[in-house]
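How do the helices of this model pack against one another? Please follow the account below with the structure in view.

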Amino acid sequence: MTTDQPRPEAADSRHSLTLSYYGELARRQWEGCLPDVYQQIRDPGEFYAVLGEVIAQRIDEHADYLAGDDSPGEGYLAKVARLTAAREYAKERVLGEYLLLPPDQDRPAVVDRGHPSWAEVDAEQRERLGDPPAGKDRS
């Protein structure tokens, strides 16, 4: 694990106002992507500590809801898979609410080949990746 990433072990600070894993993720995201908002926070230490706890609690609640009750005859591995999938999906959804920036209002977050913006999005991605434009000879 690199030193740039917050360590998950930091998330076990339920009774103190130290920054949890999720609080640190939020702090870094907001500092880098929303600097105007980040600078307006009066007590960033307390704010991100509380926000991290809120995020962790929402993930737990959402994962519990998604996982549901045990099924009759459900084996150990099936239960582990169900609980893991529920937690990962819950993390994705909750972190998306707090960490990701709103999508560009001019085009949807997902664009398939049938969407009018496909050519523009495809060209942007190919340029970013250093690929030649679609339809051009790759030799």
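Helices α1 and α3 pack with their axes 7 Å apart, at an angle of about 120° (axes are lines fitted to C-alpha atoms over the stretch in contact, and angles run from 0 to 180 degrees between N-to-C directions). That angle makes α1 oblique to α3, oblique being what is left after under 35 degrees (roughly parallel), over 145 (roughly antiparallel) and 65 to 115 (roughly perpendicular). The crossing of α1 and α3 is right-handed. On the α1 side, Tyr22, Gly23, Ala26, Arg27 and Trp30 meet Phe47, Tyr48, Leu51, Gly52, Ile55, Ala56 and Ile59 of α3, where contact means heavy atoms within 4.5 Å.

The model is predicted: local features need pLDDT of at least 70, side-chain atom pairs count only at pLDDT 80 or more, and totals for chains, interfaces and linings use all residues. Residues are numbered from 1 along each chain as its sequence is written, and side-chain values use heavy atoms, with hydrogens and water left out.

α3 passes α4 in a right-handed crossing. Residues making this contact include Leu51, Ile55 and Ile59 of α3 and Leu83, Ala86 and Tyr89 of α4.

Methods: A crossing is left-handed if the near helix is turned anticlockwise from the far one by less than a right angle, and right-handed if clockwise. Helices (H or I, at least four residues) and strands (E, at least two) are DSSP runs, numbered from the N terminus.
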